[in-house]
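Thanks for asking me to look at this one with you.

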Amino acid sequence: MIHQLVYYSRNTVPGDGRAMLTNMREILSVSQRNNSRDGITGFLIFDKTWFVQILEGERAQVTETYNRIARDTRHSGTVVINVRDVPARLFPNWTMGGAMRTPEVQEVYLQHGFGGPLEPARLKSDQIINLALDLQAFEMDRRQGQRIAS
Ligand SMILES: Cc1cc2nc3c(=O)[nH]c(=O)nc-3n(C[C@H](O)[C@H](O)[C@H](O)COP(=O)(O)O)c2cc1C
């Protein structure tokens, strides 16, 4: 069984879109290094105010990773939405995929009924996972397109 944890938190890094992008890139780069070592996969959604993240892997590693993340001062008020065991990874190809909410991905949010800002306190973990799966698919299509174009 794979352990899966979904949480949200509030971004504490001030700044404009560019600062946020840099922040997101730094988080993802360290996450990818650590998570490949620890057998963690998942996805990180960043919607200006909010981070929403899915972590999956062995139970002890997921717990350890979450505890480390929760101490990070780049966000605050982490709230676990759900933990459960699942038969297989949902994000097997990503040590940590990530998507910042940009106009480019707005259509994906709209397909899930999120016209305005996310309100993570009102979300069910399945809604988050379904959004993350579609953001992942969108990102993979985009990369595929870039490869074909180049
Ligand atoms: C929103 C958010 C998500 C993060 N996700 C991960 C993650 O998936 N894996 C990870 O190792 N670190 C993650 N981090 C970074 C950790 O908080 C921490 O800075 C990092 O693991 C420390 O790694 P180091 O000891 O190798 O420097 C995240 C940080 C934030 C703010």
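1. A word on the source. This is a predicted model, in which local features need pLDDT of at least 70, side-chain atom pairs count only at pLDDT 80 or more, and totals for chains, interfaces and linings use all residues. Residues are numbered from 1 along each chain as its sequence is written.

2. The overall plan. The protein chain holds 4 helices and 5 strands, in the order β-α-β-β-α-β-β-α-α along the sequence. Here helices (H or I, at least four residues) and strands (E, at least two) are DSSP runs, numbered from the N terminus. The radius of gyration of the protein chain is 15 Å, close to the 15 Å from the globule rule for 150 residues, so the chain is as compact as a globular protein of that length. That radius is taken over C-alpha atoms, and the rule is 2.2 Å times the number of residues to the power 0.38.

3. Of the 150 residues in the protein chain, 27% are buried. A residue is buried if 20 or more other C-beta atoms, placed from the backbone, lie within 10 Å of its own, exposed if 12 or fewer, and partly exposed in between.

4. Helix H2. Find residues 59-70: this helix has 12 residues and reaches 16 Å from its first C-alpha to its last. Which residues of H2 are buried? They are Val62, Thr65 and Ile69. Seen down the axis of H2, these fall within an arc of 70°, so they line one face of the helix; the arc is that of the directions from the helix axis to the C-beta atoms. The face turned away from that side carries the exposed residues Ala60, Asn67 and Arg68.

5. Helix H1. This helix has 22 residues and reaches 31 Å from its first C-alpha to its last. Ile27, Ser31 and Asn35 are buried in H1. In general, an α-helix has 3.6 residues a turn, so residues three or four places apart point the same way. After H1 comes Gly39, with a positive phi near 70°.

6. The ligand. Of the 15 residues around the ligand, the nearest are Ser31, Asn34, Phe51, Asp72 and Arg74; a residue counts as near if its C-beta atom, placed from the backbone, lies within 6 Å. H1 gives the largest share of this shell, 5 residues, while H1, S3 and H2 each supply at least two.

Note on methods
Expected span 1.5 Å × (residues − 1).
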